[in-house]
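Let's take a walk through this model together. Have your viewer ready.

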Amino acid sequence: MEPEDVGTELAEVLIDEQRLAQRVAQLAAAISEDYEGRPPLLVVVLKGAVMFLADLARAIPQSVEMDFMAVSSYGYGTASSGVVRILKDLDVDVRDRHVLLVEDIIDSGLTLSWLLRNLAARSPASLEVCALLRKRDALQVDVDIKYVGFDIPNAFVVGYGLDYAEQYRNLRCIGTLAPDRLPS
Ligand code: PRP
């Protein structure tokens, strides 16, 4: 879906398709260099990171494994609470694996903080994070993120995997919603 297809519901294109592609290629190059000789296991949290994963993984010039988790936050509305329930766990055992957690967005950081504690308890050989977007002003906890695509303002963003009420995930760019479409 192109920005024009969203029409007036989209307030602004924050990151267009070309900038996304350029940054994803840079991240993939850095990851591939850092993980030379020790292939990472890409751990992905559904659903928002799926588009990012698909592009990132294909830009890495070595074979990587991927596995998926689904979690549900007990938070209300659009805010995360940090209390997380696993809906679908990983299929593989991450013990002694080089785990790279791939996330679409770090907002409060509460989900990530919980995930990192959960994964660290499984004794991976290493554990790092690659997040496409980070809202620096919204962070409530100190989380170490090795690879960050873009630092963005504290606005509600959609597209490239990110949704509002399950809509707009297939938008090619990342944008902000018009005020009358925003969650109250
Ligand atoms: C998003 C995102 C992170 C979390 C970040 O997932 O993928 O997991 O929110 O928020 P936090 O930093 O405030 O904890 P979401 O719950 O929207 O699910 P989705 O990926 O299926 O859209």
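What follows goes from strands to salt bridges and ends at a pocket.

First, the ground rules. This is a predicted model, so to speak of local features we need pLDDT of at least 70, side-chain atom pairs count only at pLDDT 80 or more, and totals for chains, interfaces and linings use all residues. Residues are numbered from 1 along each chain as its sequence is written, and side-chain values use heavy atoms, with hydrogens and water left out.

Start with an open sheet of 3 strands, in the order E1-E9-E8 and with antiparallel pairing. Its edge strands are E1 (10-15) and E8 (157-158), each pairing on one side only. Strands here are DSSP runs of E with at least two residues, helices are runs of H or I with at least four, and both are numbered from the N terminus. Two strands pair if DSSP finds at least two bridges between them. Between E1 and E9 (residues 174-177), which run antiparallel, there are 4 bridges. If you want a spot to look at, Val-13 stands opposite Gly-175 in E9.

Elsewhere, strand E6 (residues 126-134) is joined to E7 by 4 bridges, and these two run parallel. Arg-134 has Asp-151 in E7 as its bridge partner. Is E7 mostly enclosed or open? With 4 of the 5 residues of E7 (residues 147-151) buried, the strand is largely enclosed by the rest of the structure. Buried means under 20% relative accessible area, exposed means over 50%, and partly exposed is in between, using a 1.4 Å probe and protein chains only.

Now for the charges. Searching the whole structure turns up 12 salt bridges, where a salt bridge is a side-chain nitrogen of Lys or Arg within 4 Å of a carboxyl oxygen of Asp or Glu. One of them joins Arg-172 and Glu-17 at 3.2 Å, N to O.

Another salt bridge runs from Glu-166 to Lys-47, whose closest N and O atoms are 3.1 Å apart. Glu-166 lies in the loop between E8 and E9 and Lys-47 in the loop between strand E2 (41-46) and helix H3 (50-59), so this pair ties together parts that are 119 residues apart in sequence. Glu-166 counts as partly exposed at 44%, as does Lys-47 at 48%.

Then there is Lys-88 with Asp-91, a salt bridge at 3.4 Å, N to O. Lys-88 is partly exposed at 29%, whereas Asp-91 is exposed at 65%. Salt bridges that share partners also join Lys-47, Asp-163, Glu-166 and Arg-169 into one network.

Last stop: the second largest pocket, which holds about 170 Å³ of space. Its lining includes Glu-17, Arg-169 and Arg-172, along with Met-51, Tyr-160 and others. H2 and H3 are the elements that give two or more residues to this lining, and H3 gives the most, with 4 residues. By class, the lining has 5 nonpolar, 2 polar and 5 charged residues.

A few terms for that pocket. On a 1 Å grid over the protein atoms alone, a pocket is an open set of points where a 1.4 Å probe fits, with protein on both sides within 12 Å along at least five of seven lines, and lining residues have an atom within 4 Å of a point. Grid points are joined across faces, edges and corners, and the volume is the space filled by probe spheres set on the points. Ala, Val, Leu, Ile, Met, Phe, Trp, Tyr, Cys and Pro count as nonpolar, Asp, Glu, Lys and Arg as charged, and the others, Gly among them, as polar.
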